[in-house]
Amino acid sequence: MSVPHSPLTMLEPHTPTDALGRPHVITRGEGVSVWDEQGRRYLDALAGLWCVTLGYNEPRLIQAATDQMAKLPFYGSFGHRTNDVALALADDLARIAPLPMGRTFFANSGSEANDSALKFSWYYHQSLGRRRRTKILSHHRGYHGSTTAAGSATGLAHIHHGFGIPLPHFLRLHCPDPLSPPAHGLTDAEFVDWLIGELENLIDDEGADTIAAFIAEPILGAGGLIIPPANYYDRVQEVLARHDILFIADEVITGFGRTGSMFATTEFDLRPDMITLAKGMSSAYLPISAVMVSARVWNAMTEGAERFHTFGHGFTYSGHPVAAAVARETIAILQERDIPGHVRATAPVLANALDKLRGAESVRDVRAYGLMGAVEFDPTPHGMAAGELGATLRDAAAAQGLLVRALGDTVVFAPPLISSDSEIESMVERFTAAHEDVVCGRIHHAAAWS
Ligand code: PLP
């Protein structure tokens, strides 16, 4: 039998493939549902990959793309030339930015945005003559993408294995997870003291004059939806500012309404030097991402550009006009429909529904923030290896017509931001049924679609 040539897809531990290695193929979407090639319908509790914020058939986004495609299908932002839509989008972003920012750089994915931000941190310090400032700090279990530099900043081993990354000069800090071993027996405030002590020690050991930047997610997504304890980032920012280490807020997941504010930077009172954005920026209808650079960093980079006689960074598709038109329309919709307000109103529905799983078999923790939720499981009573229970639950959920993501033994929800109360309740009901199927032994780790 001939095997169809399928695209290479990211395979995480316990990712299902059927006997031919053929991925699960999705062919259609509408509202908060998608259909696979067998015609099976799923509620998409993950919004694609935390990104289809406005659901799968928003006519205004389709129209914006169609109109722009007919008017100017391409002109990039290279060599001091750009297109009118990228220009207008930069202006839109400056208008809604959580802080006054200096400039916006456009790219095509979260990874590219983070790679760019890391390079900008190096360019910033080199512009100021600090050639030794090359090291990058990030969190264990932080996710910043899978390109070479962003992947090096990522603190998840499966992104490194077999690729020879992380590159040297990428240093890791403990994940600010209140359930992790160093937090045992400590109050939140004591755990924050411990984390800050670790940061201070690392800076002392390495030398502040060797460290360029700290990149971090306000809420760690792919690491298992980790919500850092109160005041953590306040304290981190104080230390970084004291040592002139740049702070890059990776808002690839949290940006554009997911937390109930347009940006988590506002939600957590952050003062980043750069903010990276992607995913919800265009509701994922087309690939586009951005790095917003503060005026202070931008001013230094401008001086650097004079010194180096060049600013050698950019991509063919930076500020692609069709993607930019979709992003502009996305921002307009987010504002006109007050999607962050809708998230604030529906967040308790998700939190309360998930909370009913607290105390259920193997449930270790339940947490939620905005339209993000997680149920963390303990695989030990099932005699399963780490990650296996999460994967089994994910597959059991698919059998119930629900797409969720398993991050180790934590199952995460990040539904489209337009989800109604009843859609969110149905998602959690389906997951509860899937949990019962696994607990009662009706499902033993089988990909539902194979
Ligand atoms: N940063 C965060 C916080 C992410 O969650 C992701 C992807 O999930 C990325 C960066 C990488 O984005 P992309 O997959 O578009 O390269």
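Reader: In what kind of contact do the side chains of Arg28 and Glu30 meet?

Author: They meet in a salt bridge, with 3.5 Å from N to O, and the term means that a side-chain nitrogen of Lys or Arg lies within 4 Å of a carboxyl oxygen of Asp or Glu. Before we go on, please keep in mind that this is a predicted model, in which local features need pLDDT of at least 70 and side-chain atom pairs count only at pLDDT 80 or more, while totals for chains, interfaces and linings use all residues. Residues are numbered from 1 along each chain as its sequence is written, and side-chain values use heavy atoms, with hydrogens and water left out.

Reader: How many salt bridges does the structure hold, and which residue does Asp92 pair with?

Author: There are 23 salt bridges in the structure. Asp92 pairs with Arg95, and their closest N and O atoms are 3.1 Å apart. To read this pair you need to know that helices (H or I, at least four residues) and strands (E, at least two) are DSSP runs numbered from the N terminus. An α-helix has 3.6 residues a turn, so residues three or four places apart point the same way. Asp92 and Arg95 are three residues apart in helix α3 (residues 84–96), which puts about one helical turn between them. Asp92 counts as buried, at 7% relative accessibility, whereas Arg95 counts as exposed, at 54%.

Reader: Which parts of the chain does the salt bridge between Asp244 and Arg296 tie together?

Author: In this pair the closest N and O atoms are 3.4 Å apart. Asp244 lies in the loop between α8 (232–242) and β8 (246–250) and Arg296 lies in helix α10, so the bridge ties together parts that are 52 residues apart in sequence. Arg296 itself is partly exposed, with a relative accessible area of 42%. Salt bridges can also be linked, and here a network of them joins Asp355, Arg358, Arg364, Asp365, Arg367 and Glu376.

Reader: Which residues surround the ligand?

Author: A residue is counted as near a molecule or strand if one of its heavy atoms lies within 4 Å of it. By that rule the ligand is surrounded by Ser109, Gly110, Ser111, Asn114, Tyr143, His144, Gly145, Glu217, Asp250, Val252, Ile253 and Lys279. Helix α4 (residues 110–127) gives the most to this shell, with three residues.

Reader: What distances separate the ligand from the polar atoms of Ser111, Tyr143 and Lys279?

Author: A polar contact is a pair of N or O atoms within 3.5 Å; within protein, one atom must be able to donate a hydrogen and the other to accept it, and residues adjacent in sequence count only if both atoms are side-chain atoms. A polar side-chain atom of Ser111 lies 2.5 Å from an oxygen atom of the ligand, and a polar backbone atom of Tyr143 is 3.4 Å from a nitrogen atom of the ligand. For Lys279, a polar side-chain atom lies 2.8 Å from a ligand oxygen. Taken alone the ligand exposes 390 Å², of which the protein buries 84%; such areas come from the Shrake-Rupley method with a 1.4 Å probe, and for residues only the protein chains shown count as cover.

Reader: Where in the backbone is there a cis peptide bond, and which residues other than glycine have a positive phi?

Author: The cis peptide bond joins Ile165 and Pro166, with omega about 10°, and Pro166 lies in the loop between α6 (157–160) and β6 (170–173). Among residues with a positive phi that are not glycine, Arg141 has a value of about 75° and His309 one near 55°. Arg141 is found in the loop between β5 (135–139) and α5 (148–153) and is partly exposed, at 26%. His309, in the loop between α10 and α11, is exposed, with a relative accessible area of 71%.

Methods. Buried < 20%, exposed > 50% of the residue type's maximum accessible area, 1.4 Å probe, protein only.
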